[in-house]
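Biologist: I would like to learn how to read a fold from its coordinates. Could we go through one together, feature by feature?

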Amino acid sequence: CGGWSEEDTELTEDELAIFNDAMSKEVVDTQLIPKSIIGRQVVAGMNYKFLCTAGEGEDAAQYVVQIFHDLEGQNVVSTIYEY
């Protein structure tokens, strides 16, 4: 277990699948599009921070979606906040 890594990396197919699975269980007012991973934290599983956009062009808002991926493969959104 440790602290958060600070990064900005492209999503892998597995990470995109984790994001899509977790978000499919959430009720969100706007569509969030994942752009990159900005943090990872090893716990009893893995925490991810996804940098997302909502909207298009210069008016697009940025959000961070934190998702917990447990050792059994379950994905849960922990928090969503504006970046």
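Modeller: Gladly! Let us start with Ile37, which lies in strand β2; helices (H or I, at least four residues) and strands (E, at least two) are DSSP runs, numbered from the N terminus. This is a predicted model, where local features need pLDDT of at least 70, side-chain atom pairs count only at pLDDT 80 or more, and totals for chains, interfaces and linings use all residues. Residues are numbered from 1 along each chain as its sequence is written, and side-chain values use heavy atoms, with hydrogens and water left out.

Biologist: Is Ile37 buried or exposed?

Modeller: Buried means under 20% relative accessible area, exposed over 50%, and partly exposed in between (1.4 Å probe, protein chains only). Ile37 has 0% relative accessibility, so it counts as buried.

Biologist: Which residues is Ile37 in contact with?

Modeller: Contact means heavy atoms within 4.5 Å. Leaving aside neighbours within four places in sequence, the partners of Ile37 include Glu7, Asp8, Leu11, Tyr48 and Phe50.

Biologist: How do the strands pair, and in what order?

Modeller: Two strands pair if DSSP finds at least two bridges between them. Here 5 strands form an open sheet in the order β1-β2-β3-β4-β5, with antiparallel pairing. β1 (5–9) and β5 (75–82) each have a single partner strand at the edges, so one side of each is left without a neighbour in the sheet. Neighbouring strands are turned by 25° against each other on average, direction ignored. As for β1 and β2 (residues 33–43), their antiparallel pairing runs over 3 bridges.

Biologist: What does helix α1 touch?

Modeller: Helix α1 (residues 13–23) packs on the sheet, touching β2, β3 (45–54), β4 (61–70) and β5, and its direction makes about 85° with that of β5. Axes are lines fitted to C-alpha atoms, for helices over the stretch in contact, and angles run from 0 to 180 degrees between N-to-C directions.

Biologist: Which residues have the most contacts inside the largest nonpolar core?

Modeller: A nonpolar core is a set of buried Ala, Val, Leu, Ile, Met, Phe, Trp, Tyr and Cys residues joined through side-chain atoms within 4.5 Å. The largest has 13 residues, and Phe19, Phe50, Val65 and Ile67 have the most contacts inside it. α1, β3 and β4 are the elements that give two or more residues to this core.

Biologist: And where does Asn47 lie?

Modeller: Asn47 lies in strand β3 and, at 9% relative accessibility, counts as buried. Not counting residues up to four places away in sequence, Asn47 touches Trp4, Gly39 and Ile67, among others.
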